[in-house]
Amino acid sequence: MTITRVDVIITCPGRNFVTVKITTKDGLVGYGDATLNGRELAVASYLRDHLAPLLRERDESRIEDIWQYLYRGSYWRRGPVTMAAIAAVDMALWDIKAKRAQMPLYELLGGASRKGVRAYVHASGWDYEALKVAVEGYRTQGFTAVRVQTGVPGLGQIYGIAPAKAGEKYNYEPAKPAVNSLGEPCPVEEEWDSRAYLNFVPEIFDNLRRDFGSSLALLHDAHHRLTPIEAARLGKELEPYDLFWLEDATPGEDQEAFRLIRSHTTTPLATGEVFNTVFDYRTLISERLIDYVRSSVTHAGGITGIKKILSFAEIYGVKSGIHGPTDVSPVGMAAALHLDMTIHNFGIQEFMPHSEETLSVFRTSYTVADGYLHPGDTPGLGVDLDEELAAASPYTPAYLPTNRLEDGTVHDW
Ligand code: GCO
Ligand code: MG
């Protein structure tokens, strides 16, 4: 019952991932996802240089104590880097505990509360016709919930639009670096115009409801780019289209801003993929300003961390909508699915299928069928990492894009 090794594995099978591997004295191995898109090396250093030395010879069964030791003991707490590092250690320890108990993690967390985990997928297109093909593609695969994003006339590449052909199996990967004048990787710069976007989006939903009817759950991500009053306008104008949720309508750290949005619209609201502790949500949840919590297991302190958030949310009738893009690794996705199976206030699970290249390194047990995911019944999280293949794909510098307005002002991406 002792930790003997803590390894940090950085690999890039199609995109960068950071994984923690914890090994116990009797040879049990647990994995945790520590991937922070565009800042992977900061988390890897936090783990290698600051946490790993503190974990060796510790009793791996004391998960809550280790979580509190890493959270409070570091003095400097919260934030995406710290909480991703703690998350990875936490996931690995839960993986080990469930393997030692010889049961899938969801059984250890309280057993199944549902038959499976309803997923939503990402459909996008440069224009409505391309989006329609993508939505149709997913609907024929049996998905009942689809996030929809399109280009905006007059704008170039913007958030959420897969440059690949519409309807392709894999979703778009935003962390594609540009190269600066020195030949060094740097963020791509996209251009944004909220007014053009606001004047265009309602028509897209009008078309979608005309073509796909009322039963298909439609989600949309405004990705932090609107002011509170713009978000209120969009929520109000989308009410006739009965969205499942409007995500990140305005930057979520301005929690009180959601009071303004809420006072204008009944469109359900989701936020929090960039949040990493329950304190980021305190006003949002206690005043019921949102309907769904978006943090991922990977970015919110692991199983232990996100359970604190979702238990708080359950009291106020706020549900989960755990973040599941391709930049959360299959380990982080598996952890989400085990939680999704057991918590009462489950809402929906984001699912961007990883590429074959990624899945060749991360061998998963979770399954998807008829729009539902299931974590599988392999003991632990149910993910194995092929370290030889991982080593063959070294880290590749990559950054998320940045946004500028027409006059050059930096804007939320
Ligand atoms: C989502 C998110 C992603 C993020 C990406 C950042 O709703 O899935 O907004 O698209 O932009 O995960 O790394
Ligand atoms: Mg989002």
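Colleague: Which strands each supply at least two residues of the lining of the largest pocket?
Modeller: The model is predicted, so local features need pLDDT of at least 70 and side-chain atom pairs pLDDT 80 or more, while totals for chains, interfaces and linings use all residues; side-chain values use heavy atoms, without hydrogens and water. Residues are numbered from 1 along each chain as its sequence is written, with chains lettered from A and ligands numbered from 1 in written order. A pocket is an open set of points on a 1 Å grid over the protein atoms alone, with protein on both sides within 12 Å along at least five of seven lines, and lining residues have an atom within 4 Å of a point. The strands (DSSP runs of E, at least two residues) that each supply at least two lining residues are E19 (402–405) and E20 (410–411).

Colleague: Which residues of that lining are closest to the centre of the largest pocket?
Modeller: The largest pocket has a volume of about 920 Å³. Of the 38 residues that line the largest pocket, the closest to its centre are His223, Glu273, Val274, Leu400 and Trp413.

Colleague: Are H6 and H7 roughly parallel or roughly antiparallel to each other?
Modeller: Helix H7 (residues 228–238) packs with H6 at an angle of about 15 degrees, and their axes are 10 Å apart. Contact (heavy atoms within 4.5 Å) is made by residues including Tyr197, Val201 and Phe205 of H6 and Arg233, Leu234 and Leu238 of H7. Angles under 35 degrees count as roughly parallel, over 145 as roughly antiparallel, 65 to 115 as roughly perpendicular and the rest as oblique. H6 and H7 are therefore roughly parallel.

Colleague: How are H5 and H6 set to each other?
Modeller: H5 (residues 128–140) packs with H6 (residues 194–212) at an angle of about 40 degrees, with the axes 11 Å apart. Among the residues in contact are Leu131, Val135 and Arg139 of H5 and Ile204, Leu208 and Phe212 of H6. H5 and H6 are therefore oblique.

Notes: Axes fitted to C-alpha atoms, helices over the stretch in contact; angles between N-to-C directions. Helix = DSSP H or I, 4+ residues; strand = E, 2+ residues; numbered from the N terminus. 1 Å grid on protein atoms, 1.4 Å probe; cavity = no way out; pocket = protein on both sides within 12 Å on 5 of 7 lines; lining within 4 Å. Points joined across faces, edges and corners; volume = space filled by probe spheres on them.
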